[in-house]
Amino acid sequence: MDISFEHVSYIYQPNSPFEHRALNDITFSIKSGSYVAVIGHTGSGKSTLIQQLNGLLQPTEGSIQIGKYKLQAGEKTKNLRGLREQVGVVFQYPEHQLFEETVAKDIAFGPHNFGVEKMEIDRRIKEAVQATKLPDELLERSPFDLSGGQMRRVAISGVLAMNPEVLVLDEPTAGLDPRGQKDIMDMFKDLHKEKGLTTILVTHSMEDALAYADHIIILNQGEIYREGTPLEIFKQHDALEKVQLDVPEVMDFLRRAKKEYGVEIEYRGQDIAELAKELTLKVRGDSDHE
Amino acid sequence: MSSSMIIGQYIPADSVIHRLDPRSKIAIIFFYVVIVFFANSVMSYGVLTLFAIGSALLSKVPFRYIMKGLKPVWFLILFTFLLHLFVTREGDVAFSLFGWDVYREGLIQGGAISLRFFLLILVTSLLTLTTTPIEITDAIEELLGPLKKLRFPVHELALMMSISLRFIPTLMQETEKISKAQASRGVDFRTGSFKDRVRAVVPLLVPLFVSAFKRAEELAMAMEARGYQGGEGRTKLRELQLTKIDVLVYGVFVLLVIALFMTRS
Amino acid sequence: MGERQVEFRNVSFRYQEDMPWVLKNVSFTIGPNEWVAIIGHNGSGKSTIAKLMNGLLFPQEGEIFVDGMKVSQESVWDIRKEVGMVFQNPDNQFVGTTVRDDVAFGMENHGMPRDLMVERIKESLKAVRMEDFERYEPHRLSGGQKQRIAIASVLAVSPKFIILDEATAMLDPKGRKEIMQTVREVQQERDLSLITITHDLQEVTQASRVLVMNSGEVWMEGSPREVFSSKDHLTEIGLDTPFVSKMADHLKAEGVSLAREPLNHQELLEDLWTSRSNM
């Protein structure tokens, strides 16, 4: 599903002393099947943006088109349920939303609400736990007996079982240990590839944005600050520093090598081994000249 | 937005009433509630009303906030008035309304009871309008202090109240978060039959309870780690102190009592 | 068993008798003014170590000494005065209704006189650069700010040891930086030992010593340089190594000789340059 925002603004508590403009005149589009990272500080408008993607919030100004669904400022959106079925949102710490007696029932909750048939639900549960690599024997256990990492997988399975076309991920790795973080991120990458899910990742991790996304949107104080491919974005070190954002470590390292030692290596997505090779060549080359 | 969250009805302002020791406020309100029932003449009611309105003016709380506090009870006040009007069948008939005789005594009694009601609500809402919940908690802990000797868990009660106050905004944010997450999974909290809507509350309440318990457990651990071992041997940062204003207000209140008894019939 | 030391002597711990051991025969010492980082996977026993250190748990076997005292039911209240703890969740350790009340909480528990409390509140809020927030309620603070208040609350009691149990795990990068900055300053200015339990390798490189935990045992112990130079040992238990460390390995594979195991970009680049003369 293609997604496009046209001059979207969102204002909390308009016309009150607490009025707060969380998004200001945002325009962008996301192509169906792409993997987009949204980056910004706490309070930059990221979570407001997410909530508009499945109609939890209605834009105060402008309009949003998500596939065939349209959210227009000042108009009631038709078929909000349909939209929510198509756009699956994995919120921060999604394990906090678990409530059923068994894992299977909790995963079935979403599809059941959207009126999916029993047989189909069972099929989707199987598929979802396979994708999230949860062992089948957990299905009849209480979700509250599981480890934190497993609970998160159950919650993610519950969103996947809705069979969404768009997957919105709000810091899906928060609070996990590094191994758990990598597992989860790789899992979403596989889903993105295999099912062609349009994936929107909200993250603080520049490393993840570089490793997984093919497009990056940087939000700052409710506005789009920069937009482009990861390589385009992370080359703009100074612009990012201005809004107190980091660049991925590898690019920071190369920048330093250039600035302090005049070694110029262009980053094109090489892995560390390749970089080490180039770096060695450059350094040797330099010493030959002297 | 979280910054706009107001717990209770406290309206910040710099006034004599705000600066009054919360213990004094509670004590005075307590005795005011008692003496209101002694009023029995126009003059004595006048004196009491003067005190209440005067306090409200001194508090610098905008009129509309006071009215807001009274809103839920207007109906009750009106109802009491009408009840007396129609039930009392003594004395002379004052006038007839749609063929129903309204007695003079009914008017007077209805008016008096309604006024009493109004004064009580006004004075107590002044307490919550000018005192932060935590100050009220401190005052309750102090005032109940003597009960400690009877092994009444005064300290624990106060701590419970203050922790509840501390966590109200947190739990409100959490409720919002979970309800949004469940709405994204197709729960509809707004439409449907009554039964459906009751059922929609389960996916909200269970996670809330689970998280509240987890918070409680972690908080207990954190408190213990910081050396908490009950009220014994504990010192306090929050200190209530009676000032000149308190003494002055006590004086005014004594005058009020004297005036009240002089104006009784 | 000396003063200003934490010593674990053959400590084993499990939650219940029929459950597996969480810690197995763990021994180590943390000296005065040391900064020790404890790393390991979730479930490796890191957090249990923290809780044993200030008597939130007691070991079934072995002994723990803090500042010359043996940790036991009797000594626990004195121990907790010496060992301050900051936990992971910023919300679930904020007890007070305002910042100053929260900072006071620990001092109130230890029965400190009010005048001293008022003084210490100012002092410790200043140490974490939150002096302008004394009257703030917690819901008006960010996660990073709440954690700084948690640190201030611990400082106010002036303990000899501070444990940060994944205190930055739930924060955004900005909050994380704030906390690490605060911690560095506090460690330099105050006379205390610091124990940080963390997954953040950046944090680890700043410690003076690292304890690597794996399924309840001390897997490795040494300076960050020593620990990261035995990468195979770390990857064996599935732990990651910092970027510079990986880069150094690949450079070595290319035949570059580096003088030391680099801990940051600066060191790696410096060594790379001095290595030119040997090529």
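Guide: In a predicted model such as this one, pLDDT is the predictor's confidence in each residue, from 0 to 100. For chain B the average pLDDT is 87, and 97% of the residues score at least 70.

Visitor: Where in chain B is confidence lowest, and where is it highest?

Guide: The lowest mean, 76, belongs to strand β1 (residues 93-97) of chain B, while helix α2 (residues 22-36) of chain B has the highest, at 93. Apart from these elements, residues 1-6 of chain B stay under 50 in pLDDT, and the model gives this stretch 11 contacts beyond four places in sequence.

Visitor: How should I read the packing of α2(B) with helix α9 (residues 244-263) of chain B, and at what angle do they pack?

Guide: Angles under 35 degrees count as roughly parallel. The axes of α2(B) and α9(B) lie 11 Å apart at an angle of about 5°, which means that α2(B) is roughly parallel to α9(B). On the α2(B) side the contact involves Ser24(B), Ile28(B), Phe31(B), Tyr32(B) and Ile35(B), and these meet residues of α9(B) including Val249(B), Tyr250(B), Phe253(B) and Leu256(B). By class, the residues of this contact divide into 10 nonpolar, one polar and one charged.

Visitor: Which residues of chain B does UniProt cover with the annotation "transmembrane region"?

Guide: The unreviewed UniProt entry gives residues 29-58, 70-87, 107-129 and 245-263 of chain B. In the model, residues 70-87 of chain B are 100% helix, with end C-alpha atoms 25 Å apart; residues 245-263 of chain B are likewise 100% helix, and their end C-alpha atoms lie 27 Å apart.

Visitor: At roughly what angle do helix α4 (residues 63-87) of chain B and helix α5 (residues 104-130) of chain B cross?

Guide: Here the cut-off is the other one, since angles over 145 degrees count as roughly antiparallel. The axes of α4(B) and α5(B) come within 9 Å and cross at roughly 160°, so α4(B) is roughly antiparallel to α5(B). The crossing of α4(B) and α5(B) is right-handed. Among the residues making the contact are Leu70(B), Trp74(B), Ile77(B) and Phe81(B) of α4(B), together with Gly110(B), Gly111(B), Phe117(B) and Phe118(B) of α5(B). The residues of this contact divide into 16 nonpolar, seven polar and no charged.

Visitor: How far apart are the axes of helix α10 (residues 249-261) of chain A and helix α11 (residues 265-274) of chain C?

Guide: The axes of α10(A) and α11(C) are 10 Å apart, and the helices pack at an angle of about 45°, which makes α10(A) oblique to α11(C). This crossing of α10(A) and α11(C) is right-handed. Residues in the contact include Asp252(A), Phe253(A) and Arg256(A) of α10(A), and His265(C), Leu269(C) and Trp273(C) of α11(C). The contact of α10(A) with α11(C) has six nonpolar, two polar and five charged residues.

Visitor: At which residues of chain A does UniProt place the feature "domain: ABC transporter"?

Guide: The unreviewed entry places the feature at residues 3-246 of chain A, a span that is 37% helix and 26% strand in the model, with its end C-alpha atoms 28 Å apart. For chain C, UniProt lists residues 6-240 under "domain: ABC transporter", also from an unreviewed entry, and this span is 37% helix and 23% strand.

Visitor: Where is Asn25(C) found, and what is its phi?

Guide: Asn25(C) lies in strand β2 (residues 23-30) of chain C and, although not a glycine, has a positive phi of about 50°. Ser158(C), not a glycine either, has a positive phi of about 45°, and Ser158(C) is in the loop between α5 (143-156) and β7 (161-165) of chain C.

Conventions. Residues numbered from 1 in each chain as written. Chains lettered and ligands numbered in written order. Predicted model: local features only at pLDDT ≥ 70, side-chain atom pairs only at ≥ 80, totals over all residues. Heavy atoms only, no water. Helix = DSSP H or I, 4+ residues; strand = E, 2+ residues; numbered from the N terminus. Contact = heavy atoms within 4.5 Å. Axes fitted to C-alpha atoms, helices over the stretch in contact; angles between N-to-C directions. Parallel < 35°, antiparallel > 145°, perpendicular 65-115°, else oblique. Left-handed = near helix turned anticlockwise from the far one by under 90°. Nonpolar A, V, L, I, M, F, W, Y, C, P; charged D, E, K, R; others polar. UniProt positions renumbered as here; feature names shortened; annotations may be inferred.
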